[in-house]
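Have a look at the structure first, then read on.

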Amino acid sequence: MSYRCLTGNQYEVTLRLFRDCQGIGAPNAINVQLATLGSCTGANQNIQLTQVSSQVVPMLCWSSAGQSACANPGGFLPGYEEVIYKGTVDLSAYASPSCGWTISYSSCCRNGIVSNVINASSQGIYIYVSQPPNVGVFCNSSPAVRSTPVFLVCDSSFQNISNVMSDPD
């Protein structure tokens, strides 16, 4: 999750989710929660983010690419999809050096076939970004991940892994 200052106190919020193509589908919109920090109180609200794109994450070796659950419904190899949601929030009411905020997303529960989490189907996920009070910077943007994560490395093939982050400020 990241945020980008558009102008003044208008922020664009972006959430990148990765889903198992054998799991449930991605909704067209999701809600994130805004909570204020510092001297600002009582400003909790829901913000709707709309799906703006989705793409299959390339993760299989070339010889198996067409056999993933994403590329071929009913495919027997795992596949993952990146889904990007965006929305705009106006924080003008909280434009004070003593105010900060957190924007969060939570979901319960994970796909039951996840094997590296105990009782995955009863475990949720919580993601957040925040702007603490008294940072002295208005119109600040967060760092954001720009590269797609690598889920699989193929044996005996060259791999170029780039974990790119950027911060416009």
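**Notes on the rings and the sheet**

1. Tyrosine 3 has a relative accessible area of 5%, so it is buried (under 20% relative accessible area; exposed is over 50%, partly exposed in between; 1.4 Å probe, protein chains only). Keep in mind that this is a predicted model, where local features need pLDDT of at least 70, side-chain atom pairs count only at pLDDT 80 or more, and totals for chains, interfaces and linings use all residues. Residues are numbered from 1 along each chain as its sequence is written, and side-chain values use heavy atoms, with hydrogens and water left out.

2. Tyrosine 3 pairs edge-to-face with tyrosine 11, at 5.9 Å centre to centre and 70 degrees between the planes. For rings of Phe, Tyr and Trp (its six-membered ring), a pair needs centres within 6.5 Å; planes under 30 degrees apart are stacked, over 60 edge-to-face, the rest tilted.

3. Tyrosine 11 is also buried, at 5%. Its ring and that of tryptophan 101 are edge-to-face too, because the planes stand at 65 degrees, with centres 5.4 Å apart. Tyrosine 11 sits in strand 2 and tryptophan 101 in strand 6, so this pair ties together parts 90 residues apart in sequence. Strands here are DSSP runs (E, at least two residues), numbered from the N terminus.

4. Tryptophan 101 is buried at 4%. Ring pairs join Tyr3, Tyr11 and Trp101 into a cluster.

5. Now the sheet: seven strands, open, antiparallel, in the order 1-2-5-4-3-6-7. Strands 1 (2–7) and 7 (124–131) each have a single partner strand, so one side of each lacks a neighbour in the sheet. Pairing takes at least two DSSP bridges.

Notes
Helices (H or I, at least four residues) and strands (E, at least two) are DSSP runs, numbered from the N terminus.
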